[in-house]
Structure formats: structure tokens, C-alpha cells
Amino acid sequence: RLLVQLLERIHICIISGGQFQQCTAQVIDLLPLDDPEARGAAILALGLIRDPDDVALIADALGDDAIADRAEAALQLFGPDALEPLIEAGKTAAPSLRGATISMLPALGAEPLAAVREAALDPSPEVVVPALKSLAIIGQATDLVPTARHVRSSDPRVSSAAQAALLAIA
């Protein structure tokens, strides 16, 4: 219900002669951002609007447990158009957020193997685990040897993800 109201306000603002991005910003600024439902509605609205400039903001929302599922849905609405901005947003984020952005790449309908392979080399398990899970989906035979190196990781999450990726790729 809140999402529909938000989109209606944006539409009314645009019909009244406002610029699209300005209308979106004004309406989102009105939301009570301490309310997870409102934040989730705003993130979904951004996904429906599909402005590439909003991908970084949506990617940041992946780190908010209360609205991460809405952020994933919003990014999926973008499809492959979100790939480059999402990869860029993920490069400078905290490890847990980098991991979340990497885990979204296969769901966007493309094969961003270079970014996933790079993430699998990251020193942080919060990045490597999602990268290995992504390799399980989109990996190729050439990924077997680099993935196998993670099986002996001292972090059980990494070694488990590596074993699962090896089984899926092979």
C-alpha cells in the first residue's frame, strides 16, 4: 500500500511539471526512514523507476537486514542494466556489502564472471563466500582450480562454499 502511494505521489509531481529525479527525491525525503516498511517501499520504488544513478543507494540497502529482500527485488527489476553500477558500488563497500553485491550478480541475468572471479580472491570471507556461491551458478571448468584452493581454507564457511561450488561446476 505504501509503495502504491509513493508511486502515485511521484506521478502527481511529474504531471505537475516537476523533473523526474527531483520528484522522486522529494517524495522519498518525506518518508519516515526509521520505519523499515517505508524504507523498503522507497527502495522498491527506486527499482521500479530504474534510474541507474540509484543503483548504489539500492546496493547499500542490501546491508540493511530489515530491507535487504526489498533491495534484492529492486535490483532484479533493473536486470542487466544494474550490473555495471552494482559492480562499481560493490568495489568500495564494506566486506559484507561487497559480498551481498557479488551474490546478486547471477540473479541479474548476466554472466559477470570477471567480477565474481575477482571477488573470490578477496581476503575477506564475507566477500569470498558469496563469490563462491555465485561461481556455483555461473562458473566454468576454468574456475575449478582456483575454487579448489579455497577448500583448505581455515574458515569453514569458505571451505564449505568452495566444496559446493566444485560440485556444481564439475
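Helix α9 covers residues 125-138, which makes 14 residues, with helices taken as DSSP runs (H or I, at least four residues; strands are E, at least two) numbered from the N terminus. From first C-alpha to last, α9 reaches 19 Å, close to the 20 Å expected at 1.5 Å a residue; that expected span is 1.5 Å times one less than the number of residues. This is a predicted model, so to speak for local features a pLDDT of at least 70 is needed, side-chain atom pairs count only at pLDDT 80 or more, and totals for chains, interfaces and linings use all residues. Residues are numbered from 1 along each chain as its sequence is written, and side-chain values use heavy atoms, with hydrogens and water left out.

S134, in α9, counts as buried because its relative accessibility is 2%. Leaving aside residues up to four places away in sequence, S134 touches I102, S103, P106, V116 and G139, a contact being heavy atoms within 4.5 Å.

How is α8 set against α9? Two packed helices are described by the angle between their axes and the distance between the axes. For α8 and α9 the angle is about 140°, and the axes are 8 Å apart; axes here are lines fitted to C-alpha atoms, for helices over the stretch in contact, and angles run from 0 to 180 degrees between N-to-C directions. The two helices are therefore oblique to each other, given that angles under 35 degrees count as roughly parallel, over 145 as roughly antiparallel, 65 to 115 as roughly perpendicular and the rest as oblique. On the α8 side, L113, V116, R117, A119 and A120 meet V127, V128, A131, S134, L135 and I138 of α9. By class, this contact of α8 with α9 has 9 nonpolar, 1 polar and 1 charged residues (Ala, Val, Leu, Ile, Met, Phe, Trp, Tyr, Cys and Pro count as nonpolar, Asp, Glu, Lys and Arg as charged, and the others, Gly among them, as polar).

Another helix pair is α3 (residues 36-49) and α5 (residues 68-78), which pack at about 10° with their axes 8 Å apart. That angle makes α3 and α5 roughly parallel to each other. In α3, E37, G40, A41, I43, L44, L46, G47 and L48 meet R70, A71, A73, A74, L77 and F78 in α5. The residues of this contact divide into 10 nonpolar, 2 polar and 2 charged.

D60 sits in helix α4 (residues 55-61) and is partly exposed, at 48% relative accessible area. D60 and A93 are 33 residues apart in sequence and 8.2 Å apart in space, C-alpha to C-alpha. E84, in helix α6 (residues 83-91), is exposed at 54%. From E84 to L105 the C-alpha distance is 9.8 Å, across 21 residues of sequence.

As for the whole chain, there are 11 helices and 0 strands. Of its 170 residues, 46% count as buried. Among contacts between residues at least 6 apart in sequence, 59% join residues at least 24 apart.

Conventions
Buried means under 20% relative accessible area, exposed over 50%, partly exposed in between (1.4 Å probe, protein chains only).
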